[in-house]
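Try each task before you read its solution.

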Amino acid sequence: MISLGIVGTNWITEQFVKATDETKTFSLTHVYSRTEIKAKSFIEDLNKKNVNVSTDLNSFFKENFNTVYIASPNSLHFSQAKLAIENGKNVIVEKPSTSTIEEFTILDKLAHEKGVYIFEAARHIHEPIFKKIQIVVDKHRDNLSGATLSYMKYSSRYDAYLEGKNPNVFTTKFSGGALYDLGVYTIYDAVVLFGRPGKVSYEAEILDSGIDGSGTLTLKYPKFDVNIIVGKTKNSYMSSEIYFGRDTLLLDNAGDINHLDWADDNKNITDVPTSKSENPMDSEAKEFARIMNENDTVSYDKLLKYARIVNRVLEQARTSAGLVFEADEEN
Ligand SMILES: NC(=O)c1ccc[n+]([C@@H]2O[C@H](COP(=O)([O-])OP(=O)(O)OC[C@H]3O[C@@H](n4cnc5c(N)ncnc54)[C@H](OP(=O)(O)O)[C@@H]3O)[C@@H](O)[C@H]2O)c1
């Protein structure tokens, strides 16, 4: 198993560590947290033994472990991943890996120079259900005529925002907002299934904090459009759809996909059989470890290419909506 350090001690890190246990891929050896108490309680909750704790990021990255999983607020990914790479660590960084394409380019180049891997943790594209969508799209690609993708979920942190607290994901300081938090999944859908889009435009409902609470995004392809709805300030129960002329593939959701149906011209709707693992991070943990263990550069380059396009589209989209992050001024 590959030794693992983690940055960020929220529920998502716990889910990732559980995925690495379930898949027997990585073994947690080091935890970084801003506070020792949080690090220790994280380790205790997972019932782990012999895990080192650090509250200093510089010394943490000098410790002897192979790969770091970074799940901190978005704007911190860049400096933390950069430091990790400089110290020779392989990096798995939560989506979106960077706030700007410039940051992405720097990390990409540095990882290449240092001979380490950098993975963007876009969990859903590794899941069997997504692979099934790829098979269906490939089979009917000649008739592909567009998509409507939706991922809109009322965030409990929106309540905190309305109460005047400043949750990270609702701030420009931490590169938050609906597009970067949830839209990133839908952009991955489009990029992996349909390739790199041409024109990108985003119309956002911008909150007083300066981030987008929700919005609609259009990705233009030569022969069709992909229309996307994202939001963190309301709940949507709309299904997502990929169009093939008269036929339609229905996804119950574009970011957290649990069910697929096929609808034909006669309105016959049939279930598309798929499987879904209980922990949605199992598949990515397995895939990242496999790529590293087998040094599968073909698969790695493909993932890196997707991540590069997605990070570029994110930046194009928010620029078109006039969304500015503090990270824009930092580079
Ligand atoms: N793949 C998925 O399904 C999924 C789901 C949720 C989130 N995510 C991604 O995971 C990342 C973290 O999201 P989150 O909602 O967990 O974020 P968060 O709660 O704001 O912060 C995550 C962790 O970062 C540290 N942190 C918080 N505020 C900080 C600050 N001001 N300065 C330095 N460190 C700070 C905290 O760890 P310590 O207190 O221990 O330092 C905290 O546990 C994001 O990139 C998000 O997009 C992915």
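Which residues does UniProt list for "domain: Gfo/Idh/MocA-like oxidoreductase N-terminal"? The unreviewed entry gives residues 3–119; UniProt positions follow the numbering used here, feature names are shortened, and annotations may be inferred rather than shown by experiment.

Before going on, note that this is a predicted model, where local features need pLDDT of at least 70, side-chain atom pairs count only at pLDDT 80 or more, and totals for chains, interfaces and linings use all residues. Residues are numbered from 1 along each chain as its sequence is written, and side-chain values use heavy atoms, with hydrogens and water left out.

**Exercise 1.** Describe the stretch 3–119.

*Solution.* Start with secondary structure: the chain here is 45% helix and 22% strand (DSSP runs, H or I of at least four residues for helices and E of at least two for strands, numbered from the N terminus). Then look at the ends, whose C-alpha atoms are 16 Å apart.

**Exercise 2.** Find the residues around the ligand and sort them by class.

*Solution.* Step one: of the 22 residues around the ligand, Thr9, Ser33, Lys38, Asn74 and Arg157 come nearest (a heavy atom within 4 Å counts as near). Step two: the shell has 7 nonpolar, 8 polar and 7 charged residues. Here Ala, Val, Leu, Ile, Met, Phe, Trp, Tyr, Cys and Pro count as nonpolar, Asp, Glu, Lys and Arg as charged, and the others, Gly among them, as polar.

**Exercise 3.** Locate two backbone features, one at Pro96 and one at Asn47.

*Solution.* First, the peptide bond from Lys95 to Pro96 is cis, with omega near -20 degrees. Pro96 belongs to the loop between β5 (90–94) and α5 (101–114). Next, Asn47 is not a glycine, yet its phi is positive, about 60 degrees. Asn47 sits in the loop that joins α2 (36–45) and β3 (52–54).
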